[in-house]
Amino acid sequence: MTNNKYIILCLAVLFISCDNDLLFKTTSSKITGLAFSNTISESNELNILDYLYYYNGGGVALGDINNDGLLDVFLSGNQVKNKLFINKGNLKFEEITQKASVEGNSSWNTGAVMGDVNGDGLLDIYVCAVVGINGFYGHNELYINNGDETFTESAKKYKLDFGSYSSSAAFLDYDLDGDLDIYLLNHAIHTQESFGKADLRNKRNDQTGDKLLRNDGGTFSDVSETAGIFGGINGYGLAISVGDFNQDGYPDMYVGNDFHEDDYYYINNRDGTFTNQLKEYFGHTSRFSMGNDAADINHDGLPDIISLDMLAEDEDVLKRSQGDENIQIQKMKIEKYGYHYQYSRNMLYINQQNSGYLETALLSGIASTDWSWSSLFADYNQDGEQDLFISNGINKRPNDLDYINFVSSDQIQNKIDNTKLVDQQALQLMPSGEAHNYIFKGTKNLEFEDKSSTWLDDKKGISGATAMGDLDNDGDLDLVVNNINEEVSVYVNQTDEKASYLQLEFKYPKPNTFGIGTKVYAYYQGTLQYKELYTVRGFQASSEPMVHFGFGDILKIDSLKIVWPDKTEQVINDVALNQRLVISPEDTKPFKYTSLVSKTKAVFKKVDDNLGINFTHEEDNYIDFNRQKLIPYQVSDLGPATAVGDLNNDGKKDVYFGGSKFESSRIFMQTDSMFVEREIKTFAKDNRNEDVVALIADFDNDAKNDLIIGTGGADFYNKSTPLLDTYYTQIDTGFIKQELPKYFENASVIKANDYDSDGDLDVFIGNNAVSNDFGKIPNSYILKNENGKFSILKNQLFQNMGMITDAIWEDYDADGFTDLILVGEWMSPKFFKNTNGRFIEEKLTDSKLNGLWQQIIPFDIDADGDTDYLLGNWGTNTKFKASKDYPLKMYYADFDGNGSTETIVCNYKNGNYYPVLGLDELASQIVSLKKKFTTYKSFAGIPIEDIFEKSVLQNATVLEVHTLASGYLKNENNIYEFIPFKNELQVSPISTFLKYDFNGDEKQEVLAAGNYFGVIPFHGRFDSFPGALIYNETHIDLGSTIGLDFSQKAIKNLNIITLKGVSYLLTTINNDSAQVYKLIK
């Protein structure tokens, strides 16, 4: 009995704790009076089969329409009339729709936004509508506030009565003339004309094309064409974020487009025009872009951006839903049709100021939130970090694979074209898309913690447009969510006095009376928080025109710097918290936007003529996935080889670039003034090989450099001649080819050292994969040098040691003998102690440190006098998930008994391991699975143990990864602890390191570079790592701040070259042109 009482007491404490954690309390309309439900009734004449945006929902706008200090609520509906509620205090609302005359006359309303259109200090309401399809009638409506809780519909008067397919609108002063202009967001519908090349966006369509509307003082003019705004029939606009993204004083815009059209990143040219610079700043975007938002989440004073998509977290939904395109279709869309890289998941873009954005959604933990509509950054718990709310759900999922299978059949297509008899059957096949809303707690390291089950009532529903504001005047931010087929949700924030806040309301000169576009910099305890006032955020909604900050437990901040839209600033010092300040311009002075430019000193400067090194690597067209469809990544794209050394015995170092398959290598000889390309015929003859790695050194001790080339590419297999590494020795008349042992492998690394102290250079050759048999462990070798001739060192230790990617010779135990350290994929770093030319393996790291290791370099990162080792890994910004307790697993076996092996990669989730890939991908290689699982529903949510027979899995080889993070092995008395780098260095694989004194301070730094594109679209594209210069444990500068241009480039090699006594950085890039940078010392 006592034990039972103890258990009951513990449960009671648990439930009390959970209730106390609830950040938002939902309040019903019976208490608030906010009685509104956007009820949608399907019919044979109108449903999602007829209108693809049938479930996008209505809008919500928050603002004090009667200037009584209380926040009022406007809600728009699709098949129901709009409603306006005035706030009576204490979370009680009164509907005044009919009195206010804002019910609306359009039959299908969408987004709703508030703004002071006529500059009289009163908030007006602009309601968007879809007109001209499916019998929808009406036009966009503008309700001008009369100041007495009534409005006059005036859209025609202001030339805003558009009868188009409008989603939403945003207020901004794009030309800084003092009044509010409008960006009108429209969406296309699927027609034969809407599919085609990307340049369809250049042919304006009045119904589907977006519009930029300039305020001319009483009317608006469509200036889209002259301003550079796209307006094509392929523009599926669903959301817009406005912000000064490049911090030059003018508002820019990020527009999210659904389906195949790219998003737009409009940079303001400061002359009334915009330029779309999406491809320059974003390596990839979300594919089905929905809601978006902008906020500074990392305290650097730059607005970051989130774009939502529809990737599900739940295994059942995930495996039943359509995902990314296959690699061939993506290739065609990009190369032939002109679109950018798009992937089906949320994206989080971290602003790097005039450089490419870091994309971090996967490592940030916010990539998969299901059918997501609105995203709103704010400090909901007021701890000083930006949190994230995401609304979710759809009535029926049109991306369900069983549904798509049904409607795609020729027989059904014929019926659909000729009758509506199959409509109900098709609708019934679409599963419900009800989902819970998400909320994430922000942290200081770009990561977010999912608090959906503790901060919110996680009831499932269909939530869309969301707006935020302080409904009860208690200082924190509340939320209003417009749902479908359910009453509006009011989330009342319970933070109250638990943490400090500051609210800022602006009184700005007419006509921009609310100060839209005002920037605020809050400084306290060495920390910066930055906000911009733009009310249209998320999806089809506008929030309260107020800036809100949270500050945790402090009571006063050092200062506020307010930058007004006219580019003047004012500073307020020693600001007390827990109040709402109403601020007008006072004692202002011109603000210098140049002061916002990063103060980090440039270390590198790109050389325009590349010193004559005009090398461009061209990858061949071989795609590994066409042969082995289930491998996790390619191994054919690891070139080109680069080696620096004197190849003509003139005392100057030259550059060797290896060729792709059937492409000859290229050599650039150093002269007195530049590098000049020269052909070495002996090298040019061997053009069948894929040159992956090369090493220039004097191997035969004749005072002339020789060359060893490691070949790979994973296309040739078995005992194909192009898999043989090559060795050339230099003689007075050129080079001659010498014999190497015949071991037919895919090389990844060549490192030379006189391991046996006999006076010549021996060579370690590491190999990373077996062609046509990924998962099988290749052999690696030490080649013993005897008078310039090489033979394989007989040592079983180096056979099947792993999928080697890099190696270093290093006397790690300081005994006078050079030891060998190896890293590779699906393995831990390996330390081999050398004693008089004999090697034994030592365990010097954690036993669970398997990674997808790419690179290793010795460097005393903690400056304690011993050698640590930096390790390049895959990075954590990936759909792969790995930890010591729940490693990433790869099963390697002949799953279908056809004599060929397959690999199946699995992630751990909720107690089980699930294949990363879906049924279509698995069955493309293992055909029998389509017989076992005849529907996607039958496959969804099934762990690996229930997909394959137990005996098959028991006989499989299982390879594991315990960490995907790049970092370093910290040396503590020759025992090594792994320390991950900060998250900015985890966005992509780090594939190369270079140690050198780059800045002339007589201390060595390490330059890290990477990015990788050899994965299927399911994984996206690892393209946003700008490189990093590592000084020590606490000082790391990203490449974008020190003069490097590494974003969207797969960096393969870094080398130092010298010309006329000046040092330069040579950067070799896969499938791109080499770069040369001068070192600024």
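I number residues from 1 along each chain as its sequence is written. Since this is a predicted model, local features need pLDDT of at least 70 and side-chain atom pairs count only at pLDDT 80 or more, while totals for chains, interfaces and linings use all residues; side-chain values use heavy atoms, with hydrogens and water left out.

**Sheet.** I looked up an open sheet of 4 strands, ordered E42-E74-E73-E72 with antiparallel pairing. Strands are DSSP runs (E, at least two residues) numbered from the N terminus, and two of them pair if DSSP finds at least two bridges between them. E42 (604–606) and E72 (1051–1059) are the edge strands with a single partner each, so one side of each has no neighbour in the sheet. I found 8 bridges between E72 and E73 (residues 1062–1069); Ile 1057 has Tyr 1064 in E73 as its bridge partner.

**Rings.** I list 72 aromatic pairs (Phe, Tyr or the six-membered ring of Trp, centres within 6.5 Å; planes under 30 degrees apart are stacked, over 60 edge-to-face, the rest tilted). Phe 24 and Tyr 491 are edge-to-face, at 6.1 Å and 80°. They are 467 residues apart, in strands E1 and E32. Phe 615 and Phe 657 are stacked, at 4.1 Å and 0°.

**Charges.** I noted the charged end of Lys 879 over the ring of Phe 1018, 3.9 Å from its centre (NZ of Lys or CZ of Arg within 6 Å of the ring centre and within 35 degrees of the ring normal). Arg 1021 sits likewise over Tyr 341, at 3.8 Å.
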